[in-house]
Amino acid sequence: MDTPSSFSLDMLATYKENSLLEVKSARGGLPNSLWESYSAFANSEGGVIVLGVKENSKDGSLYVEGLDDVHKLLKDFWNMVNNRQKVSCNILTDSMAVPDRIEGKDVIVIRVPRAERTSRPVYVGSDPRTGTYRRNFEGDYHCSIDEVSLMIRDSALVTDDNKLLTDLDVSVFCPDTVKSYRNIFQLIRQNHLWNKEDDAMFLRRIGAVREDKDTGKFHPTVAGLLMFGYEYEITAVFPNYFLDYQENRTNGIYARWTDRITSQSGDWSGNVFDFLLRVIPKLQADLKVPFMFKGNHLDEDTPLHKTVREATVNMLANADFYGRRGVVVQKGVDGFRFANPGSMRVSLTEAIQDSASDPRNGVMMKMLAMVKYGERAGSGLQGIFKTWQSVYHCAPKLEVTTSGGVDRTTLTLGFEGHQPDIEAMKLLYDNPDELIEVSDTPKSKGESKDVPQNGESVLQNVPQNNINVLQNEEDIPQNESFDIKKEIVKLINEDLQITREHIAKELNISSKTVGRYLSKLGISWEGHPKTGHWKLP
């Protein structure tokens with residue numbers, strides 16, 4: 001039995017109680033534990049309760065005991081499930097609790113669906129703090145205050161990040177973050193009317209600031225604080241707020257993180273948007289992708305680049321920032337892991353298969369979508385699964401775990417020892433017929449690269465900030481290597497946003513050679529490909 005819908009009474013002898021199935025005797029009437037199971041299934045992934053069946057305590061097998069007066073029990077059930085003194089709400093339709101027969105004996109089959117978030121928590125009695133349950137393997141457990149609080153917050157029609165923080169003003173925003181966001185917005189939406197607005201009005205337009213109707217003053221929204229605020233201001237509202245990027249390039253017993261970024265380091269703002277600008281380039285840096293040109297421009301945003309970016313944004317858009325343990329992104333030799341506090345607001349099946357979109361931080365998601373970070377159409381997780389399965393021929397893993405009364409959602413994109421299927425990846429591009437692939441393998445001396453020409457060199461139109469340009473590498477005399485390194489560092493110190501092309505022109509070497517020396521020097525590009533800057537070691 002993989003899902004509640006796959007339950008078949010005829011297959012009962014092959015089942016055992018699990019996270020989706022509960023059996024109860026009900027010989028002496030409806031047991032009180034029935035309502036705990038009803039609450040537990042409703043607050044989890046749904047499940048099936050069968051009355052008139054018992055579990056063998058020795059081996060866990062199920063056997064049919066039968067019911068004496070099935071119609072009376074069914075009537076009692078409907079009366080009680082509609083009694084608000086007994087349970088908080090009835091989420092069943094008539095067809096979800098019906099009598100049936102097996103082995104010549106009467107039973108009642110109750111199919112409890114996963115409750116809509118607006119109906120959660122479904123609880124027993126009159127107090128959600130003491131009457132809310134969830135399902136864990138084959139048992140019902142009493143929910144913690146943290147779990148109940150999250151369900152109550154999620155039940156609101158408007159996402160929690162739309163809340164106005166009336167004790168704060170726009171001084172909590174990091175001006176550099178706002179500038180970075182606006183620069184990217186302007187690059188993507190060059191003719192947008194909002195580009196003419198000042199920062200105060202622009203922040204109102206995107207939902208980072210809103211007016212308090214009682215006072216007429218403007219204050220940050222939760223989404224605005226998370227996106228643009230300073231870490232110490234954010235933690236005043238969200239004491240458990242923590243962003244953590246961990247990169248592991250070592251194996252074995254003494255494996256360690258070789259690169260780490262945390263929101264608490266104090267050398268950057270610590271907000272969500274700056275975290276994305278720092279982390280996404282690192283995640284994408286080693287992806288094995290083809291060099292594909294669309295017209296005269298290199299298509300830097302490959303399907304794998306989009307998948308990694310979408311996974312990062314999905315994690316942040318669904319994070320419960322009140323929750324403990326924070327947001328953690330891990331890049332290792334075996335793949336990527338994205339973990340956030342909080343469960344999914346829709347079932348796992350809906351999230352993966354049905355393109356259901358219900359982000360916990362809806363205003364933040366809207367802001368990110370405005371600068372082409374994240375999908376708003378609900379195809380995010382479905383697209384991630386499709387791309388990863390096509391390219392690596394292994395399925396991503398999405399799971400929700402609960403430990404110490406705290407939910408945590410983890411998306412794992414593992415390699416499982418596979419190399420990327422480049423041919424499969426090419427089919428995932430938008431309009432693949434319009435693309436031209438260019439090999440990055442150097443040809444023999446005197447030969448030119450197989451780069452498409454259209455009146456002018458393709459390379460003249462390729463952004464140079466954070467990509468390898470396809471040119472032949474000059475022969476650099478070994479005794480000049482130290483001077484070249486020194487000159488590169490000097491040029492970058494003078495202008496942290498200088499392009500590789502400009503460095504190459506100044507030193508009369510190729511951009512690819514510049515890239516090789518940057519790697520040797522440990523100099524990396526940080527932030528957006530067009531608005532970021534070089535980071536010196």
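Display the surface of the protein chain to begin: the accessible surface comes to about 26,000 Å², of which 46% belongs to carbon and sulfur atoms (areas follow the Shrake-Rupley method with a 1.4 Å probe, and for residues only the protein chains shown count as cover). This is a predicted model, in which local features need pLDDT of at least 70, side-chain atom pairs count only at pLDDT 80 or more, and totals for chains, interfaces and linings use all residues. Residues are numbered from 1 along each chain as its sequence is written, and side-chain values use heavy atoms, with hydrogens and water left out.

Next, switch to a cartoon of the protein chain, which shows 17 helices and 21 strands (DSSP runs numbered from the N terminus, helices being H or I of at least four residues and strands E of at least two). Of the 537 residues, 50% are buried (buried means under 20% relative accessible area, exposed over 50%, and partly exposed in between, with a 1.4 Å probe and protein chains only). Among contacts with a separation of 6 or more, 65% join residues 24 or more positions apart (a contact means heavy atoms within 4.5 Å).

Now select Ser-44, Glu-45, Gly-46, Arg-114 and Ser-347, which lie nearest the centre of the second largest pocket among its 39 lining residues. A pocket here is an open set of points, on a 1 Å grid over the protein atoms alone, where a 1.4 Å probe fits, with protein on both sides within 12 Å along at least five of seven lines; lining residues have an atom within 4 Å of a point. The space in this pocket is about 1,100 Å³ (grid points are joined across faces, edges and corners, and the volume is the space filled by probe spheres set on them).

Colour helix 11 (348-353), which gives the largest share of the lining, four residues. Strand 2 (47-51), strand 6 (105-112), strand 7 (133-136) and strand 17 (397-403) are among the elements that each supply at least two lining residues. By type, the lining divides into 14 nonpolar, 13 polar and 12 charged residues (Ala, Val, Leu, Ile, Met, Phe, Trp, Tyr, Cys and Pro count as nonpolar, Asp, Glu, Lys and Arg as charged, and the others, Gly among them, as polar).

Glu-103, in the loop between strand 5 (97-102) and strand 6, has a positive phi of about 55° although it is not a glycine. Glu-103 is exposed, at 62% relative accessible area.

Finally, select Lys-372, in the loop between helix 12 (362-370) and helix 13 (380-392). Lys-372, also not a glycine, has a positive phi of about 65° and counts as exposed at 51% relative accessibility.
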